[in-house]
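Subject: The structure I promised you

Hi,

Here is the structure we talked about, ready for you to open. Have a look at it first, then read on for what turned up.

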Amino acid sequence: MFILEALEHYAETDRIAIRYHDEKVSFSALNRMADAFAAYLRRTLPSDGRPVMIYGHKQSAIPACMFGALKAGRGYIPVDTTYPTDRAAQILRDAQPSVLVDLRASGLSAEHTLCEEDLAQILAQPALPAPHSGWIRPEQTAYLLFTSGSTGTPKGVQITAGNLAAFHTGVKPWFARLPEGGAFLNEISYSFDVSVCALYEALSRGMTLWTADRQTLESPQALFQLLREARPDAWVSTPSLAEFCIHSEQFCAELLPQVRQFLFCGEVLTKKLAAELLRRFPGVPVVNAYGPTETTVLVTGTEITQAMLDADAPLPIGRPFENVQAIIADEQGRALPDGEPGELLVIGEAVSPGYLGRSELNKALFFRTEGGLRGYRTGDLCRMEDGM
């Protein structure tokens, strides 16, 4: 798997993988801790393939657990401690993980429950590198993310290692501007799939994740201090974080002198925000991207131009990635001509196998093409214009 190969590659360097407050975790240390956690999983658990649930926030040990699970051939379930305990308990019941890493001391329990002290002891243990033959396979679930959607009931979206490989291929052009070994702002909750951009795309390029926790994100002073120190090369977030920052005139090229691209997703990017960013950061591209959790993070994107800002229409969500098909369909699933609104269908190897234990919903929302590719009915109303 590409991220595990990258970890082992950069473990041979002196680069820092994660910065969190005063803590620095090198690629070497991150890879060693992942191997130690993988060794614990192989030693302790039956080979039932059940996932590992991680209930925490932004602790540096969390990526080590994620990658350790993958090295042991298991998936993981990140659940942020900003979620209420009862929601975490519901996810625990639905997912039935073999191990619960509880960094909140919440009182939740699973077949094997590890508190923060337990985990620290495991990650400190010496371990041989996890054999590649035991790594997660393309058809296996790499992670489960629980989303509520419109129902309010958590649904576990299964994303395979193969889905992640397809995402890695599709999103590559949007990360081409970023330097190997640069700095990346890591502010997205690990329970939100856009965090994959940091955990998989940035780390696989040897970049340092400068991690902002919830407390930092709620304080402009603390966040701006982090940005001054980090000097990130990339900004990936929902538009709401930039809206929060743009209220201060300090949020400008002087604060982020090295930023090479803004990429927004997860919410509507307004023309007002895009125009203001282009004014404050001359020459820095602003990218609008889109993708449901069910299609592995992102599947479309476009750089915002002045013509788009001047047009009498919302900003487009972009062109499909090269390995993605996007079809605007009517209620019978038939493709509609350019300009006509309909439901967006996404087809390709990045489409999830479906929701955990939700067979009826899977039949309704997921499908196979005649050529055997997976597809997903997004429920989003769109129209196509000139391939955009």
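Let's start with Q158, whose side chain has a polar atom 3.0 Å from the backbone oxygen of G354. That is a polar contact, meaning a pair of N or O atoms within 3.5 Å; within protein, one must be able to donate a hydrogen and the other to accept it, and residues adjacent in sequence count only if both atoms are side-chain atoms. Q158 sits in strand β8, residues 155-160. (Helices are DSSP runs of H or I with at least four residues, strands are runs of E with at least two, and both are numbered from the N terminus.) Q158 counts as buried because its relative accessibility is 18%. Here buried means under 20% relative accessible area, exposed means over 50%, and partly exposed is in between, with a 1.4 Å probe and protein chains only. Leaving out residues up to four places away in sequence, Q158 touches T141, Y143, L144, N163, S352, P353, G354, Y355 and L356. Contact here means heavy atoms within 4.5 Å.

Before you go further, please keep in mind that this is a predicted model: local features need pLDDT of at least 70, side-chain atom pairs count only at pLDDT 80 or more, and totals for chains, interfaces and linings use all residues. Residues are numbered from 1 along each chain as its sequence is written, and side-chain values use heavy atoms, with hydrogens and water left out.

Now the whole protein. There are 13 helices and 20 strands. The C-alpha trace spans about 60 × 50 × 40 Å along its principal axes. The radius of gyration is 21 Å, which agrees with the value near 21 Å for a compact globule of 388 residues. That radius is taken over C-alpha atoms, and the globule rule is 2.2 Å times the number of residues to the power 0.38. Of the 388 residues, 56% count as buried. If you take contacts between residues at least 6 apart in sequence, 68% of them join residues at least 24 apart. The accessible surface comes to about 16700 Å², and 50% of that belongs to carbon and sulfur atoms; these areas come from the Shrake-Rupley method with a 1.4 Å probe, and for residues only the protein chains shown count as cover.

Next, have a look at helix α4, residues 85-95, where R87, A88, A89, I91, L92 and A95 are buried. What do the buried residues of α4 pack against? Their partners are β3 (52-56), β4 (76-80), β5 (99-102) and β7 (141-147). Just after α4 comes Q96, with a positive phi of about 50°.

Most residues other than glycine have a negative phi. H21 is not a glycine, yet its phi is positive, about 55°. You'll find H21 in the loop between β1 (16-20) and β2 (23-26), and it is partly exposed, with a relative accessible area of 49%. D386 also has a positive phi, near 55°. D386 is in the segment after β20 (374-382) and is exposed, at 66% relative accessible area.

V194 is in the loop between β9 (183-186) and α7 (196-204), and it is buried, with a relative accessible area of 4%. Beyond its neighbours within four places in sequence, V194 is in contact with I188, V236, C265 and V297. V194 and C265 are 71 residues apart in sequence, but their C-alpha atoms are 8.1 Å apart in space. T238 belongs to the loop between β11 (234-237) and α10 (239-246) and is buried too, at 14%. Its side chain makes a polar contact of 3.0 Å with the side chain of S240. With neighbours up to four places away set aside, T238 is in contact with I188, F192, F264, C265 and E267.

Last stop: is Q332 buried or exposed? Q332 counts as exposed because its relative accessibility is 55%. Q332 lies in the loop between β16 (324-329) and β17 (342-348), and its side chain makes a polar contact of 3.1 Å with the side chain of R334. From Q332 to G107 is 48 Å, C-alpha to C-alpha, and the two are 225 residues apart in sequence.

Cheers
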